[in-house]
Amino acid sequence: MRIVIVGAGQAAASMAARLRAAGHEGALTVIGREPAAPYQRPPLSKDYLMGRMGLDRLTLRAPDWWRDQAIALHLSETALSIDPVARILTTDRGTHPYDALALTTGAAPRRLPAAMGGDLPGTHVIRTLADVDALAPAMRAGRRLIVIGGGYIGLEAAAVARKLGLQVTLIEAAPRILGRVAPPQTAELIRALHLAHGVTLLEGRGISHITGTERADRVALSDGTHLPADLVIMGIGVLPETALAATAGLALDNGIATDGQGRTSDPAIWAAGDCASIPHRGGRLRLESVGGAIDMAECVADNMLGAGRDHVPKAWFWSDQFDAKLQIAGLSTGHDQVVTRPGPEGHGDHAGSVWCFRQGRLIAVDALNDARAYMIGKRLIEAGRSPDPALIPTIPDLKALL
């Protein structure tokens, strides 16, 4: 069986490794449009941007591994279209016949429209090596950075910039930072952390446009305020890469729609990672996380070889900001009760855990500088167990909840 994987990120690397480990001995090809072999993305906005991690440490697999596993790794090659009847993938370099095709095309960062100045020189996004390589030289002490977007990417970029000595203003159009992904109590912990490190936070403030002739020099807010800027980072979310799937007529719904096993509307085509959405609680779920990409890619690899098992998403995330680590287990969406617990001593006000319940069931734990609360919360969620919310703030040892 000839298997072709399109996209060369975390999901592709995990899927290729699983296919070989599970006994697939046929042709296996991975096609990526970037020049670099599959690498980790999370450190891009942190250690790599700060110059503390090189490409050699980002790379997921050594060059010899691909050769030893007899995996044909095609880099700097862009997939253009899929002929699902002939089962042929066409790229800018030729054609690749397949018996099974996997789409791990990921997601692309959103930019402000060109009419709003989103393509001016001096405006940046953070997703790829090329993005960060273009940004890093501009991150110089004393310069004025405007970060648009109060999600994790924007907050991580703001933290790195402050550590490098830039003046940082972060603008969030919603009433608060992390509005889509975290409860207010978690946002308050992160807000306090950033304010303590000198970040200016402007919440509930919309963007009118970015101004500049040769390059971005000012950000105009919807209330008429103009903020001077030497550079701008847009952290306003990502969109799943579905253009290639559309050429095959695949069903799209918040990404490339798959069944519970990762199969698309074409039985010979599969999808995994940030580009794919799966059935979940009567709707569809698309997880943008390393853990989600790995788990789904490995499940899809097994199913391509006939395992026939549904993918059960295990949501866990993390975010490093300044010297603090936020660890998240579960999904807080739809919570109707929140309980907080102070964090361990030694971190001042920048530690604690936020426990989210829905109809009495524990669905998520956000832990800032509190690895013990994260690990216990994660174990409880995975076991389907829910402690009494009243115990969480005061119980001497969280381990007793297990």
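Where does phenylalanine 322 lie? Phenylalanine 322 lies in the loop between β22 and β23, strands being DSSP runs (E, at least two residues) and helices likewise (H or I, at least four residues), numbered from the N terminus. The model is predicted, so that local features need pLDDT of at least 70 and side-chain atom pairs count only at pLDDT 80 or more, while totals for chains, interfaces and linings use all residues. Residues are numbered from 1 along each chain as its sequence is written, and side-chain values use heavy atoms, with hydrogens and water left out.

**Domains**

- The domain assignment of the protein chain gives domain 1 (3-108 + 239-305), domain 2 (111-234) and domain 3 (323-401), with bounds that come from an automatic or database domain assignment.
- Between domain 1 and domain 3, the C-alpha centres lie 33 Å apart.

**The hairpin of β22 and β23**

- Strand β22 (residues 316-321) is joined to β23 by six bridges, and the two run antiparallel; strands count as paired if DSSP finds at least two bridges between them.
- The hairpin has two residues between the strands, and in it phenylalanine 322 takes a positive phi near 55 degrees, although this residue is not a glycine.
- Phenylalanine 322 is buried at a relative accessible area of 9%, where buried means under 20%, exposed over 50% and partly exposed in between (1.4 Å probe, protein chains only).
- Strand β23 (residues 324-330) has six of its seven residues buried, so it is largely enclosed by the rest of the structure.
- On its pairing with strand β26 (residues 361-368), β23 is held by five bridges, again in an antiparallel arrangement.
- Glutamine 327 in β23 stands opposite tryptophan 318, and in β26 the bridge partner of glutamine 327 is alanine 367.

**Aromatic pairs and a charge over a ring**

- Rings of Phe, Tyr and Trp (its six-membered ring) pair if their centres lie within 6.5 Å, and planes under 30 degrees apart count as stacked, over 60 as edge-to-face and the rest as tilted; by this rule the count comes to two aromatic pairs.
- Tryptophan 65 and tryptophan 66 form an edge-to-face pair, at 4.9 Å centre to centre and with 85 degrees between the planes.
- Tryptophan 65 counts as buried at 16% relative accessibility, and tryptophan 66 is buried with a relative accessible area of 4%.
- Tryptophan 316 and tryptophan 318 have ring centres 6.1 Å apart and planes at 20 degrees, so this pair is stacked.
- Tryptophan 316 counts as partly exposed at 25% relative accessibility, and tryptophan 318 is partly exposed with a relative accessible area of 32%.
- The charged end of arginine 61 sits over the ring of tryptophan 65, 4.3 Å from its centre; the rule asks for NZ of Lys or CZ of Arg within 6 Å of the ring centre and within 35 degrees of the ring normal.

**The sheet β13-β14-β15**

- Three strands, in the order β13-β14-β15, form an open sheet with antiparallel pairing.
- β13 (207-211) and β15 (226-228) stand at the edges with a single partner strand each, so one side of each is left without a neighbour in the sheet.
- β13 is joined to strand β14 (residues 218-221) by four bridges, and histidine 209 stands opposite alanine 220 in β14.

**Alanine 70**

- Alanine 70 has its place in the loop between α4 (63-68) and β3 (72-74), and this residue has a positive phi of about 55 degrees although it is not a glycine.
- Alanine 70 is exposed, with a relative accessible area of 52%.
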